[in-house]
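Please look over the model shown here.

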Amino acid sequence: MALKRSNTMMATFSMASMTDVIFLLLIFFMVTSTVVFPTALEVNLPQSSRQTAIKPSTRVYIDKESRIFLSLNSEEPVEIALEALPQALVTDAVRPDEEADPCIAVYADEEVTYGRLVEVLDIGASLNLKMVLATKLAPASARPAAEGE
């Protein structure tokens with residue numbers, strides 16, 4: 001009596017392991033893309049105990065020489081005079097098609113004088129724009145204690 005082996009080759013290919021790999025890659029790139037810091041200029045930000053989660057499309061940079069740069073929609077920052085900043089913010093940063101309130105991030109070097117920073121923030125306030133001052137997270141030892149501790 002001859003025993004017959006039933007080794008038949010399947011013509012299909014299982015994609016289950018390939019989709020697992022694709023999902024793992026997708027998760028990896030989503031997590032690492034949030035770690036990338038969005039500044040295009042070298043600005044030494046001051047420290048703060050909290051950070052905001054707002055991701056504005058318009059950014060104003062003030063470097064340690066008090067020069068002002070404007071970046072729209074993640075473009076390369078362009079140097080701009082303080083007198084031209086209100087017009088640039090009104091024409092380029094505020095778009096009527098945006099549903100949410102326009103938000104502008106200000107990245108100021110920690111060596112910038114308080115007066116220069118207030119001048120830029122005052123321009124945004126006079127135009128009724130929401131301005132957010134960007135900071136870096138302070139080390140845990142330098143943060144104030146929470147009220148419940």
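## Two positive phi angles

Asn128 sits in the loop between helix 3 and strand 6 (130-133). This is a predicted model. Asn128 is not a glycine, yet its phi is positive, near 60 degrees. Its relative accessible area is 71%, so Asn128 is exposed.

Ser66 also has a positive phi, of about 65 degrees, and is not a glycine. The loop between strand 2 and strand 3 holds Ser66. With a relative accessible area of 23%, Ser66 is partly exposed.

## Overall fold

The chain has three helices and seven strands. From the N terminus, the order is α-β-β-β-β-α-β-α-β-β. The chain counts 149 residues, and 26% of them are buried.

Residues 24 or more positions apart account for 63% of them. The chain exposes about 11,200 Å². Carbon and sulfur atoms supply 58% of that area.

## The largest nonpolar core

In soluble globular proteins, nonpolar side chains tend to be buried together. Here the largest nonpolar core has 19 residues. Those that touch the most other members are Val60, Ile62, Ile68, Leu70, Leu85, Leu89 and Val120. At least two residues of this core come from each of strand 2, strand 3, helix 2 (85-93), strand 5 and helix 3 (114-126).

Leu70 belongs to strand 3 (residues 68-72). Its relative accessibility is 9%, so Leu70 counts as buried. Ala88 is 18 residues from Leu70 along the chain, and their C-alpha atoms are separated by 8.5 Å. Leu85 has its own contacts beyond four places: Val60, Ile68, Leu70, Ile80, Val120 and Ile123.

Another core lies apart from the largest one. It has five residues, among them Tyr61, Phe69, Ala105 and Tyr107.

How many aromatic pairs are there? The count comes to two. In one, the ring centres of Phe28 and Phe29 are 5.3 Å apart. Their planes meet at 70 degrees, so this pair is edge-to-face. In the other, Tyr61 and Tyr107 are stacked, at 5.2 Å centre to centre and 25 degrees between the planes. This pair links distant parts of the chain. Tyr61 is in strand 2 (residues 58-62) and Tyr107 in strand 5 (residues 103-108), 46 residues apart.

Are Tyr61 and Tyr107 buried or exposed? Both are buried. Phe28 is partly exposed, with a relative accessible area of 47%.

## A nonpolar surface patch

Phe28 and Phe29 also belong to a nonpolar surface patch of about 830 Å². Met15 lies in the segment before helix 1 (16-35). At 44% relative accessibility, Met15 counts as partly exposed.

## Salt bridges

The structure holds three salt bridges. Asp63, Glu65 and Arg67 are linked in a network. Arg67 meets Asp63 with the closest N and O atoms 2.7 Å apart. For Arg67 and Glu65, the closest N and O atoms are 3.7 Å apart. Which side of the cut-off does Asp63 fall on, buried or exposed? Asp63 counts as buried, at 7% relative accessibility. Arg67 is partly exposed, with 36% relative accessible area.

Glu119 and Arg116 form a salt bridge as well, at 3.4 Å from N to O. Both lie in helix 3, three residues apart, so about one helical turn separates them. Glu119 is partly exposed at 39% relative accessibility. Arg116 is partly exposed too, with a relative accessible area of 22%.

Asn73 is in the loop between strand 3 and strand 4 (78-80). Its relative accessible area is 39%, so Asn73 is partly exposed. Asn73 and Thr58 are 15 residues apart in sequence. Their C-alpha atoms are 5.9 Å apart in space.

Technical notes. Residues are numbered from 1 along each chain as its sequence is written. This is a predicted model: local features need pLDDT of at least 70, side-chain atom pairs count only at pLDDT 80 or more; totals for chains, interfaces and linings use all residues. Side-chain values use heavy atoms; hydrogens and water are left out. Patches are made of residues with over 30% relative accessible area and no salt bridge: like charges are joined within 9 Å, nonpolar side chains (Val, Leu, Ile, Met, Phe, Trp, Tyr) within 5 Å. Accessible areas come from the Shrake-Rupley method with a 1.4 Å probe; for residues, only the protein chains shown count as cover. A salt bridge is a side-chain nitrogen of Lys or Arg within 4 Å of a carboxyl oxygen of Asp or Glu. Helices (H or I, at least four residues) and strands (E, at least two) are DSSP runs, numbered from the N terminus. Buried means under 20% relative accessible area, exposed over 50%, partly exposed in between (1.4 Å probe, protein chains only). Rings of Phe, Tyr and Trp (its six-membered ring) pair if their centres lie within 6.5 Å; planes under 30 degrees apart count as stacked, over 60 as edge-to-face and the rest as tilted. Contact means heavy atoms within 4.5 Å. A nonpolar core is a set of buried Ala, Val, Leu, Ile, Met, Phe, Trp, Tyr and Cys residues joined through side-chain atoms within 4.5 Å.
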